Amino acid sequence: MNAETEFELPQLYRYHVFACHTQRPPNHPHGSCGASGAQALWDRMGKAIESQGLDHVGFTVAGCLGFCNSGPLMVVYPDGVWYRATTPEDVDEIVNSHLVQGKRVDRLVMVLKRS
């Protein structure tokens, strides 16, 4: 970019959460976040973000994030932190610690590698 085309891009959110909602049939060899109970977890997260008025957080229920057997998975940007939440309490902790206080929840972090 040169000086004539450079401009400031507004940041709509401090955090943007993408949560996998892919639903494959039971016993599918790749697994799926949907089959691992993602629906109830992401419903809870969306309600928590809304009820707490977290306007600085974008929340998008997405398709496959590519690590199906590790789910249910979400990723928080711009931090690039991947979480595996399996209980309602996990969701509450991610919302309150990461999205409100800016503190990563290490016990729920997934370190993923592409094959």
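Predicted model: local features only at pLDDT ≥ 70, side-chain atom pairs only at ≥ 80, totals over all residues.
A residue is taken as buried when its relative accessible area is under 20%, and as exposed when that value is over 50%. T22 is found in the loop between β1 and α1, and its relative accessible area is 18%. Because this value is under 20%, T22 counts as buried. Q23 is also placed in the loop between β1 and α1. Its relative accessibility is 53%, and Q23 is therefore classed as exposed, the limit being over 50%.

The surroundings of the two residues were examined with residues up to four places away in sequence left out. T22 touches S32, C33, G34, A35, A62, G63 and C64. One polar atom of the T22 side chain lies 2.8 Å from the backbone nitrogen of C64. For Q23, the residues touched are S32, G34 and A35. Q23 and V105 stand 82 residues apart along the chain, and a distance of 26 Å separates their C-alpha atoms.

In soluble globular proteins, nonpolar side chains tend to be buried together. In this model, the largest nonpolar core comprises 28 residues, and M45, M74, Y83, I94 and L99 have the most contacts inside it. Two or more residues of this core come from each of β1, α1, β3, β4 and α2. The greatest contribution is that of α1, which supplies six residues. The contacts of M74, apart from neighbours within four places in sequence, are with V17, F18, A19, W42, M45, L65, V81, W82, Y83, A85 and I94.

Helix α2 covers residues 88–100. Within α2, the buried residues are D90, V91, I94, V95, S97, H98 and L99. An α-helix has 3.6 residues a turn, so residues three or four places apart point the same way. The buried residues of α2 pack against strands β1 (15–20), β2 (57–62), β3 (73–77) and β4 (81–84), and also against helix α1 (38–51). I94 and L99, both buried in α2, are among the residues with the most contacts inside the largest nonpolar core. After α2 comes G102, which has a positive phi, near 75°.

Conventions
Residues numbered from 1 in each chain as written. Heavy atoms only, no water. Helix = DSSP H or I, 4+ residues; strand = E, 2+ residues; numbered from the N terminus. Expected span 1.5 Å × (residues − 1). Buried < 20%, exposed > 50% of the residue type's maximum accessible area, 1.4 Å probe, protein only. Contact = heavy atoms within 4.5 Å. Polar contact = N/O pair within 3.5 Å; in protein donor to acceptor, adjacent residues only side chain to side chain. Core = buried A, V, L, I, M, F, W, Y, C linked by side-chain atoms within 4.5 Å.
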